[in-house]
Each structure stands twice: as structure tokens, then as C-alpha cells.
Amino acid sequence: MIERPEIAFRDPELERVWGRVARGERLDRADGLAILGTWDLAALGRMADHVARARHGERVYFTLNRQLNPTNICVLDCAFCDFAARPRNDPKAYEMDWDEILAHVTDDITEIHIVGGLHHKWRYDRYVEIVRRIREKSPGITIKAWTAVEIDFFAKIGKRSVEQVLADMVEAGLDALPGGGAEVFSERVREALFKHKIGEREWFAVHDAAHRMGIPTNCTLLYGHIETYEERVDHVLKLRDQQDRTGGFQAFIPLEYQVGTTNLVERQASAVEDLRTIAMSRLVFDNIPHVKSYWVMLGEQTAELALNFGATDLDGTIGIEKIAHYALAASEAGHTREHLLRMIRAAGKVPVERDALYRELAVY
Ligand code: SF4
């Protein structure tokens, strides 16, 4: 039991929320909105940091990982996506051959993170084979692969149930799902930005099946575009309900929308907006172990600050990241272990190296 800090509040609404946290009450929609609307950042940081420390002490997790995006060719055309290329005659289209894919698997990483486009010509077996060949090359690596959008797509092209797809992937070597593709659970936003993509019902069906099969997953929120605060909080509450049912989410990852060339809004979310979203997630999710500070999208300075606003995971070294960088993310494309150690220590935290299943590999 760690001691509750004395906090000097300027925002009486935030003080009311703190009272609820102190009494061990579960936060609701009004509380989430009060957090997103506050300017009392110093108090908010102390609240979220207290809750994070009660779970993990001063520990902040990271991994030595690499992102693999085998193709950007995609049959969909989500309005916020700078990564995807159209199936025909798009100069930025690429597809990796086996040598390129397997070159991503090296001895210096413990986690590989695989997501990509929904290719109009690749067959079901190729996606399973990607996992299998990586597993054959590296029996010890943890493989975190495919969003719910991709699993649902594989079920359609492979004429299988979601459960059969997941079973095939596990048999090939998959360990966990990364959790993207949810964007925001709002039909209004879906209609405007990604109406051809699976919605809430299908996304939850994939994660529900995965959890019931013992496959851990993450979950995400794409924020900072046209969604409202109410939609942001409702998204978090729906994920919390799912976690109550199946308990398989390891981490929640708020993904800051990158304006890139899609220009849905004039400018990126501010650092204040990022920190309020991270803190809101930590305080509302009383049942998900980690909130992640995804430095690729937040930028390094904000990502480091977020470690004092409730985040307890910094993702990893990443290697060559394509999705956010097609959208002109300003961060570096990859970092060394030493760089991540410096970021975590600068926040006053203790770095813990993990794999994709959050098994602790080293404490620094
Ligand atoms: S967000 Fe995913 S599904 Fe949508 S266009 Fe981009 S790659 Fe395709």
C-alpha cells in the first residue's frame, strides 16, 4: 500500500474525482469528462502517477522490438491513413519478399510487431506463413501480430471463422495481438472516416475470441481528429466492460492522430491534450495493467512526461516504423536500448525490459 499524496487542487471538479479515487470507487463518464476538461495539470499528474505507482511502483516497461509492415497495399481507404497504397498504380505501394520480411528477425530483439495493409492478392496461407517462417527463424522471439481488422479480413478471404484463424496463427507461432484498428467506437466517426472498415461489434468479437482462447491482446484509441471528448471517454468505458468480461487486455495505447497529408484537423493534439488523455485512461481503467506512452506518435518529450501522468510502458526500440512516419511523425524512426533507459530514468522511474507477454527480462 503506498501512501496517498497530499494534492493542492485548483479545479474543484478534479478534486471531486480524486475523492472518488481515494474511496476506491470506479470512475464514470462524468469523471472521465472532468479529467479531459481540466487545466489543473499538476494535480492531474499526481493523481494518475499515484494510481500507476500503486500498481507498478516506479517500474516502467519497455521492449527490444521491431515493427514489420509486410505491405502497405490495402483494399480500404480510411480517411486518416497516410500509410496505405491503392491496389493499382500507386507509386508508394510496396510488398516485401521473404528475404525482406525475415531480415526483420534478428538476435537483438525479443518482440516483433506485425501489422500491414489488406492486400487484394495475398492469400490466406501467406499471412499464416509469415508468422510460421518468423517462428522457424527465431523460436524464442515473441510474435505480436495482426489487428482485429486483419484477423477479420483473413477470416473472409480464408473462409474460416475468427476462432479458426486465431487457432491457425497460434499453431504457426503467434503469441499476442497488438490491438490496433479500433480507432474510436463511434458510428458517427466511423461513417465519416472509415466506413468500409469493421466496426465495434466485429472488433470486440475478435478480441473476445482471442481472450477466451488465452491469447493476450492490447487495445487502442485513435484520438485528436474529429472525435468528441464524450466519444473518447465512451470508447474507454466500452473497453473496460470487455476487460471485465474476458480480462485479456495487457495494455491500452492512446494513439495520437498524425495530421500528415490527410489534414482532418489543422494541427496535432497539444502535449496538454496528450497528457490529459493518458491520465484519464489510467484513472478510468481500473482493470487494465498498463497504459502505454507510444513515443513514436507522442514525440519523445511528451512521451517522457507521460511517464509521470500514469503511463507505465514506453513500447520499444521499434526499428523502422512506417505507419506513423508515412504520416510525417516527427520522432526518430528507432531508438537504442540506452536511449529508452535514459528517457525512463529522466522521468524518475526504474526501467524494466519485457517481452510481448510482459514477462520481465531485466531490471535496470
Ligand atoms: S488504416 Fe489500415 S485498413 Fe485503413 S487504409 Fe490504412 S492500412 Fe488499410
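Visitor: Is Lys159 buried or exposed?

Guide: This is a predicted model, in which local features need pLDDT of at least 70, side-chain atom pairs count only at pLDDT 80 or more, and totals for chains, interfaces and linings use all residues. Residues are numbered from 1 along each chain as its sequence is written. A residue is buried if 20 or more other C-beta atoms, placed from the backbone, lie within 10 Å of its own, exposed if 12 or fewer, and partly exposed in between. Lys159 has 8 other C-beta atoms within 10 Å, and therefore counts as exposed.

Visitor: Which loop holds Glu183, and is Glu183 buried or exposed?

Guide: Glu183 lies in the loop between H7 and helix H8 (187-193); helices (H or I, at least four residues) and strands (E, at least two) are DSSP runs, numbered from the N terminus. Glu183 has a positive phi of about 55° although it is not a glycine. With 27 other C-beta atoms within 10 Å, Glu183 is buried.

Visitor: Which residues of H9 are buried?

Guide: Helix H9 covers residues 200-212. The cover over its buried residues includes helix H6 (148-158), helix H7 (162-172), strand E5 (217-223) and helix H10 (229-246), where contact requires C-beta atoms, placed from the backbone, within 7 Å. The buried residues of H9 are Trp203, Phe204, Val206, His207, Ala209 and Ala210.

Visitor: What phi does Gly214 have?

Guide: Gly214 follows H9. Its phi is positive, near 85°.

Conventions: Expected span 1.5 Å × (residues − 1). Contact = placed C-beta atoms within 7 Å.
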